Amino acid sequence: MSGPLAHNTEKEIRTLLRGFPDAAIETAVHLRTSSDYTDLETLLYHLLGFYLPPGAKSPPLSEFSSETLMREEMGLDSLSLAECMYKLEELFDIVIDTPVIAEAQTIGDARNILLGKKLKPSEPSGGGTGE
């Protein structure tokens, strides 16, 4: 089974995430072979937590959900969110439009942005979203 990070070797993932918390790295490595998209939310939690501005405090992982508000509950500012999305672009080899990032409010929104790119399980082409 291949996951959304199958295009990267484990070594490449570890290099791209050097300096990030071990939990982020291990979740990303797991996403090489897993298509369990709850792991994607966990990866987002860890990556967003890495980019929190000084003084901001993320809710504990046990209280985290797809409805967690990135700005109000996690304390992310627009620069922190943009930095995280740039890392996600690099990691998943995708491009995320800046206006789309700016509109994301929750972890679920960020997950849906990623899923809307190319992280969907293999499906026939067509049936676009119409933006």
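Modeller: Helices are DSSP runs of H or I with at least four residues, strands are runs of E with at least two, and both are numbered from the N terminus. The model is predicted, so to speak of local features we need pLDDT of at least 70, while side-chain atom pairs count only at pLDDT 80 or more and totals for chains, interfaces and linings use all residues. Residues are numbered from 1 along each chain as its sequence is written, and side-chain values use heavy atoms, with hydrogens and water left out.

Colleague: How many helices and how many strands are there in the protein chain?
Modeller: Read from the N terminus on, the elements run α-α-α-α-α-α. The count for the protein chain is accordingly zero strands and six helices.

Colleague: What percentage of the 131 residues in the protein chain is buried?
Modeller: A residue is buried when its relative accessible area is under 20%, exposed when it is over 50%, and partly exposed in between, with a 1.4 Å probe and protein chains only. In the protein chain, the buried share of the 131 residues is 45%.

Colleague: How are the axes of helix α2 and helix α3 oriented to each other?
Modeller: Axes are lines fitted to C-alpha atoms, for helices over the stretch in contact, and the angles between N-to-C directions run from 0 to 180 degrees. Angles under 35 degrees count as roughly parallel, over 145 as roughly antiparallel, 65 to 115 as roughly perpendicular, and the rest as oblique. The axes of α2 (residues 22-30) and α3 (residues 38-50) come within 9 Å and cross at roughly 150°. The two helices are therefore roughly antiparallel.

Colleague: Which residues of α2 and α3 make the contact?
Modeller: Contact means heavy atoms within 4.5 Å. On the side of α3 the contact is made by D39, T42, L43, H46 and L47, and on the side of α2 by A23, A24, T27, A28 and H30.

Colleague: Is T27 buried or exposed?
Modeller: T27 has its place in helix α2, and, leaving out residues up to four places away in sequence, T27 touches D39, T42, L43 and H46. Because its relative accessibility is 12%, T27 counts as buried.

Colleague: Which hand does the crossing of α3 and α6 have?
Modeller: A crossing is left-handed if the near helix is turned anticlockwise from the far one by less than a right angle, and right-handed if clockwise. Helices α3 and α6 pack with their axes 10 Å apart, at an angle of about 115°, and L40, E41, L44 and L48 in α3 meet I107, A110, R111, L114 and L115 in α6. Their crossing is right-handed.

Colleague: Which residues does R111 touch, not counting residues up to four places away in sequence?
Modeller: R111 lies in helix α6, which spans residues 107-117, and R111 counts as buried because its relative accessibility is 18%. With those sequence neighbours set aside, R111 touches L40, E41, L44 and S66.

Colleague: How many nonpolar residues does the contact of α3 with α4 have?
Modeller: Helix α4 (residues 78-92) packs against α3 at an angle of about 130°, with the axes 10 Å apart, and the two helices are therefore oblique to each other. In this contact L40, L43, L44, L47 and L48 of α3 meet L81, C84, L88, L91 and F92 of α4. Ala, Val, Leu, Ile, Met, Phe, Trp, Tyr, Cys and Pro count as nonpolar, Asp, Glu, Lys and Arg as charged, and the others, Gly among them, as polar. By class, the contact of α3 with α4 has no polar and no charged residues, and its nonpolar residues number 10.

Colleague: How far apart in space are S35 and P4, C-alpha to C-alpha?
Modeller: S35 is found in the loop between α2 and α3, and S35 counts as partly exposed because its relative accessibility is 31%. Although S35 and P4 are 31 residues apart in sequence, their separation in space, C-alpha to C-alpha, is 6.7 Å.

Colleague: What is the phi of D93?
Modeller: Most residues other than glycine have a negative phi. D93 has its place in the loop between α4 and α5 (98-103), and D93 is exposed, with a relative accessible area of 55%. Although D93 is not a glycine, its phi is positive, at about 60°.

Colleague: What separates the C-alpha atoms of E67 and I107?
Modeller: E67 lies in the loop between α3 and α4, and, neighbours within four places in sequence aside, E67 is in contact with E73 and T106. E67 and I107 are 40 residues apart along the chain, and the separation of their C-alpha atoms is 6.2 Å.
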